[in-house]
Amino acid sequence: MPLTHPAPRKLVHTRAIECKGYQREDGLWDIEAQLVDTKTYAHSRRNGGADRQPGEPVHHMWLRVTIDLDLLIHDAEAHTDAGPYPMCGDITPNFKKLAGVKIGPGWRREIAARLGGIKGCTHLVELLGPLGTTAYQATGRAREARNAGKPATKKPYQIGSCHVYREDSPAVLERWPQWAARSRPAAEEVAPPPTPPQRREGE
């Protein structure tokens, strides 16, 4: 573990999120995500019944969105294998409302409008965050190949998104030289103009 050595402790809860991107034979892409919550101890279920055993999922939920290279969602589906209540999975048909939404600017706003609050499931909605970034990662090279040779009319979304992609970084100069900010001498490094000689009285 690259983190500092922790204090004495015991594992209580694990949340595992896995996202995958698939290129389909029909030219579309499937982006899938699943979330699994488990505990290391037996505990009673919210709705009664037999106790949930260590390692038995408290939440196990799935999402799939089908997109094109413009990141437009053509179809979406969700499924709940495990939840605290039997009714948890009843809301999954609502995730079809993502069809027609584009992953990009305004993505979280669109999610909230269609699936926020009582219109969705907290954990499935949370899963849409990493699913969205996985869509970018999975389709990135294919989008670059499609756009190769086309004049860039819009600044790449990555620029300014993190410290590596600041406008004057070597990474931006390498990938997008036309959008890179050329380095300029700092103000303190610029030599001040020479001071004209002062006239003495009588000159």
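**Sheet, core and a buried histidine**

Mentor: In this predicted model, four strands make an open sheet in the order β1-β2-β3-β4, with antiparallel pairing.

Trainee: Which strands stand at the edges?

Mentor: β1, residues 13-23, and β4 do. Each has a single partner strand, so one side of each is left without a neighbour in the sheet. From one strand to the next, the twist averages 10°.

Trainee: How many bridges join β1 to β2?

Mentor: There are 11 bridges between β1 and β2, which run antiparallel. As one example of a facing pair, T14 is opposite T38 in β2.

Trainee: And over how many bridges do β2 and β3 pair?

Mentor: Nine, again in the antiparallel sense. D37 has H59 of β3 as its bridge partner. β3 then pairs with β4 over eight bridges, also antiparallel, and M61 stands opposite T80 in β4.

Trainee: What's in the hairpin of β3 and β4?

Mentor: Five residues lie between the two strands, and L71 in that hairpin takes a positive phi near 65°.

Trainee: Is β3 largely enclosed or open? How many of its residues are buried?

Mentor: Seven of the nine residues of β3 are buried, so the rest of the structure largely encloses it.

Trainee: Let me step back. How many helices and strands are there in the protein?

Mentor: Three helices and four strands. Starting at the N terminus, the order is β-β-β-β-α-α-α.

Trainee: What share of the residues count as buried?

Mentor: 32% of the 203 residues. On contacts, taking those with a separation of 6 or more, 49% are between residues 24 or more positions apart.

Trainee: On to the nonpolar core. How many residues has the largest one?

Mentor: It has 27 residues, and I67, I73, F95, L98 and L128 have the most contacts inside it. β2 (29-39), β3 (59-67), β4 (73-82), α1 (107-115) and α2 (122-147) each supply at least two of its residues. The largest share is from α2, with five residues.

Trainee: Take F95. What is it in contact with, leaving aside neighbours within four places in sequence?

Mentor: L63, A76, A78, L115, C121, L124, V125 and L128.

Trainee: What about a second core, which residues does it include?

Mentor: That separate core has five residues, among them I159, Y165, W176 and A180.

Trainee: Which side chains does the H123 side chain make polar contacts with?

Mentor: One is the side chain of R15, at 3.1 Å. Another is the side chain of H59, also listed at 3.1 Å. H59 is the residue that came up as the bridge partner of D37.

Trainee: And which residues are in contact with H123 overall, beyond four places in sequence?

Mentor: R15, L35, H59 and M61. M61 came up too, opposite T80.

Trainee: Last one, the cysteines. How many disulfides?

Mentor: Zero, counting cysteine sulfur pairs within 2.5 Å.

Trainee: Are C19 and C162 buried or partly exposed?

Mentor: C19 is partly exposed, at 23% relative accessibility. C162 is also partly exposed, at 36%.

Methods: Residues are numbered from 1 along each chain as its sequence is written. This is a predicted model: local features need pLDDT of at least 70, side-chain atom pairs count only at pLDDT 80 or more; totals for chains, interfaces and linings use all residues. Side-chain values use heavy atoms; hydrogens and water are left out. A nonpolar core is a set of buried Ala, Val, Leu, Ile, Met, Phe, Trp, Tyr and Cys residues joined through side-chain atoms within 4.5 Å. Buried means under 20% relative accessible area, exposed over 50%, partly exposed in between (1.4 Å probe, protein chains only). Contact means heavy atoms within 4.5 Å. A polar contact is a pair of N or O atoms within 3.5 Å; within protein, one must be able to donate a hydrogen and the other to accept it, and residues adjacent in sequence count only if both atoms are side-chain atoms. Two strands pair if DSSP finds at least two bridges between them. Axes are lines fitted to C-alpha atoms, for helices over the stretch in contact, and angles run from 0 to 180 degrees between N-to-C directions.
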